[in-house]
Amino acid sequence: MKTQSSCRSSRAADMQGVMKIFHITAFIWYAFIMQCLYIKEGESLPPGIFEYGGPWKYLTFLNLLVQVTFFGLAAVADLQPSGKYLENSLRQSTDFLFSVFAFPMGMLVVLFFWSIFAYDRQLVYPEAMDTFFPPWMNHAMHTLVLPILLGEVLLQPHVYPKTRNGIALLGIAGMAYFTWVMWVYLNVGMWVYPLLGLFSNSGLIGFFLFTLFVSVLLFLLGKGLNLCIWGKTMLRAKST
């Protein structure tokens, strides 16, 4: 019994070590990408890219901001003494941030970007962008997000909010971004993404609702994966 207990303790310690390295590495990576974007903002970019609102109007940038915040808080939480008030508070914050925003938003960016890119890249990432953002940077913003999120799902269990609360928060966030995109268009007459210029008014509303629906599905996917991978572990922890 003691041998089994010590083995479990050793595996748990090893997993904690891997998780710390993963969180710190992911935070440094996203901080590096955002620094690269900050440097690009001062260069001579294609017209309209950072006009009015800068990078803040792009879902890709907002997603990077969410990811770097999440992994930064997760790394700080890993370094706190277990069971202390600060550690518990940080865990609650990271659980909320990951479940409602980091996972659904990150997956949405990857899914929508590459789907539209495959259909017609001019609608989401015109060829002129390649001159200013090299391919590795494009993949850093739109591809590597996926394996990093899946790595988090595999390494760290998260406490999800009630489904209706999560969906409500997603709806509020989605409405806020849709309003921001419309505000940008009304002020400068330019859509954040060329794709949006193809829709009628009713088409825009339909596209927004479809995007929100996919976001909800991704939230439920994250919740399902978390339960499938960590359900028994979390149940044992709750019972003890």
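# Exercises on salt bridges and surface

Arg121 is buried, because its relative accessible area is 17% and buried means under 20%, with exposed over 50% and partly exposed in between (1.4 Å probe, protein chains only). The model is predicted, so local features need pLDDT of at least 70, side-chain atom pairs count only at pLDDT 80 or more, and totals for chains, interfaces and linings use all residues. Residues are numbered from 1 along each chain as its sequence is written, and side-chain values use heavy atoms, without hydrogens and water.

**Exercise 1.** Locate Arg121 and list its contacts beyond its neighbours within four places in sequence.

*Solution.* Step 1: Arg121 sits in the loop between helix H3 (85–120) and helix H4 (135–142). Step 2: with neighbours within four places in sequence left aside, Arg121 touches Ile116, Pro126, Glu127 and Asp130. Step 3: with Asp130, the contact is polar, side chain to side chain, at 3.0 Å. A polar contact is a pair of N or O atoms within 3.5 Å; within protein, one must be able to donate a hydrogen and the other to accept it, and residues adjacent in sequence count only if both atoms are side-chain atoms.

**Exercise 2.** Work through the salt bridges of the whole structure: how many are there, and which residues form them?

*Solution.* Step 1: the search finds three. A salt bridge is a side-chain nitrogen of Lys or Arg within 4 Å of a carboxyl oxygen of Asp or Glu. In general, side chains of opposite charge can pair when their charged atoms come close.

Step 1: Asp78 and Arg91 are both buried.

Step 2: Arg91 also has a salt bridge with Glu87, with the closest N and O atoms 3.1 Å apart. Both residues are in helix H3, four residues apart, about one turn of the helix. Glu87 is buried because its relative accessible area is 10%; Arg91 counts as buried because its relative accessibility is 16%.

Step 3: Asp130 and Arg121 form a salt bridge through their side chains, at 3.0 Å from N to O. Asp130 is partly exposed because its relative accessible area is 34%. Salt bridges with shared partners join Asp78, Glu87 and Arg91 into one network.

**Exercise 3.** Decide whether Ile28 is buried or exposed, and name the residues of the nonpolar surface patch.

*Solution.* Step 1: Ile28 is in helix H1 (residues 2–41). Step 2: Ile28 counts as exposed because its relative accessibility is 52%. Step 3: Ile28 forms a nonpolar patch on the surface with Ile24, Phe27 and Leu79, and together they have about 370 Å² of accessible area. Patches are made of residues with over 30% relative accessible area and no salt bridge; like charges are joined within 9 Å, nonpolar side chains (Val, Leu, Ile, Met, Phe, Trp, Tyr) within 5 Å.

Methods: Areas by Shrake-Rupley, 256 points an atom, 1.4 Å probe, with all protein chains shown as cover. Helix = DSSP H or I, 4+ residues; strand = E, 2+ residues; numbered from the N terminus. Contact = heavy atoms within 4.5 Å.
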